[in-house]
Amino acid sequence: MASFHDLNIASKANAGIEVAVVIPSSHSKEDIQTGDMLTVLSTYSERFRKAEADGYRRIREHVKNHPDEAKIEEALYDDVALDSVVQLVSDWTYDEPCTAENVKAFLSSNPHMYDVVNRTAADHALFFGNAATS
C-alpha cells in the first residue's frame with residue numbers, strides 16, 4: 001500500500017533544474033548557448049507561490065488605496081509578474097551574486113530568457129517526470 005509520504009512534489013519543485021542561458025539565433029531554429037546556466041524552480045516552489053501571493057496582495061492594496069481609479073495600470077501587473085518570475089531563478093553561473101535585484105535586471109535586459117524561465121517553470125514534466133503528464 002502506498003503512503004502519502006511517498007509523493008513529495010514540493011521537494012522537487014524547490015530543488016529546481018538547470019537551464020542553459022541562450023541567445024536567440026536568426027540563422028537557425030537552434031538558440032546559441034552561452035555556456036552559462038540558471039537553476040529554475042517549478043511554479044509549485046515555495047518561493048514562486050509566495051511571490052505570487054505577495055503580488056496579489058500588492059494589487060489588492062493598490063485597489064484599496066485608489067478606489068476612484070477605474071483601471072489598474074498595466075505596469076503594476078507587469079511588475080508583479082516580473083517579481084514572481086524572478087523568484088523562479090534560485091542560482092546561476094554568473095560571477096555576480098544571484099540576488100533578486102540582479103535576476104530582475106538580467107530578465108529585464110533579456111526578455112527571451114524571461115520567457116525561457118517562465119515556460120520551463122510551468123513544464124511540470126521536466127520537474128516531476130511522466131507522473132505530471134498523466
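Contact here means heavy atoms within 4.5 Å. The model on screen is predicted.

**Stop 1: tyrosine 114**

Select tyrosine 114, which is found in helix α5. Leaving aside residues up to four places away in sequence, tyrosine 114 touches Ala81, Leu82, Val85 and Leu107. Tyrosine 114 and glutamate 96 lie 18 residues apart in sequence, and their C-alpha atoms are 18 Å apart in space.

**Stop 2**

What does valine 117 touch, not counting residues up to four places away in sequence? Its partners are Leu38, Val40, Val85, Leu88, Val89 and Leu107.

Then show the largest nonpolar core, which has 21 residues. Val117 is one of those with the most contacts inside this core, together with Leu38, Phe106, Leu107 and Met113. To see where the core residues come from, colour the elements that give two or more residues to it: the strands β1 (17–23), β2 (32–40) and β3 (89–92), and the helices α3 (74–86), α4 (100–109) and α5 (111–122). Which element gives the most? That is α5, with five residues.

**Stop 3: the salt bridges**

Turn to the charged side chains. Side chains of opposite charge can pair when their charged atoms come close. A search of the whole structure finds six salt bridges.

Start with arginine 57 and aspartate 54, whose side chains meet in a salt bridge with an N to O distance of 2.5 Å. Arginine 57 and aspartate 54 are separated by about one helical turn, because they are three residues apart in helix α2 (residues 46–65). Arginine 57 counts as partly exposed, at 41% relative accessibility, and aspartate 54 is also partly exposed, at 26%.

Select aspartate 83 next. Aspartate 83 forms a salt bridge with arginine 58, and the closest N and O atoms are 2.7 Å apart. This pair links distant parts of the chain: aspartate 83 is in helix α3 and arginine 58 in helix α2, 25 residues apart. Aspartate 83 is partly exposed, with a relative accessible area of 24%, and arginine 58 counts as partly exposed at 31%.

The side chains of aspartate 83 and lysine 104 meet in a salt bridge at 2.9 Å, N to O. Here too the pair links distant parts of the chain, with aspartate 83 in helix α3 and lysine 104 in helix α4, 21 residues apart. Lysine 104 counts as partly exposed, at 26% relative accessibility.

Finally, show Asp79 as well: Arg58, Asp79, Asp83 and Lys104 are linked in a network of salt bridges.

**Stop 4**

End at leucine 7, in the segment before α1 (9–15). Is leucine 7 buried or exposed? Leucine 7 has a relative accessible area of 64%, and the cut-off for exposed is over 50%, so leucine 7 is exposed. Leu7, Ile9 and Tyr44 form a nonpolar patch on the surface, and together they have about 300 Å² of accessible area.

Definitions and conventions: Residues numbered from 1 in each chain as written. Predicted model: local features only at pLDDT ≥ 70, side-chain atom pairs only at ≥ 80, totals over all residues. Heavy atoms only, no water. Core = buried A, V, L, I, M, F, W, Y, C linked by side-chain atoms within 4.5 Å. Buried < 20%, exposed > 50% of the residue type's maximum accessible area, 1.4 Å probe, protein only. Helix = DSSP H or I, 4+ residues; strand = E, 2+ residues; numbered from the N terminus. Salt bridge = Lys/Arg side-chain N within 4 Å of Asp/Glu carboxyl O. Patch = residues over 30% accessible without salt bridge, like charges linked within 9 Å, V, L, I, M, F, W, Y side chains within 5 Å. Areas by Shrake-Rupley, 256 points an atom, 1.4 Å probe, with all protein chains shown as cover.
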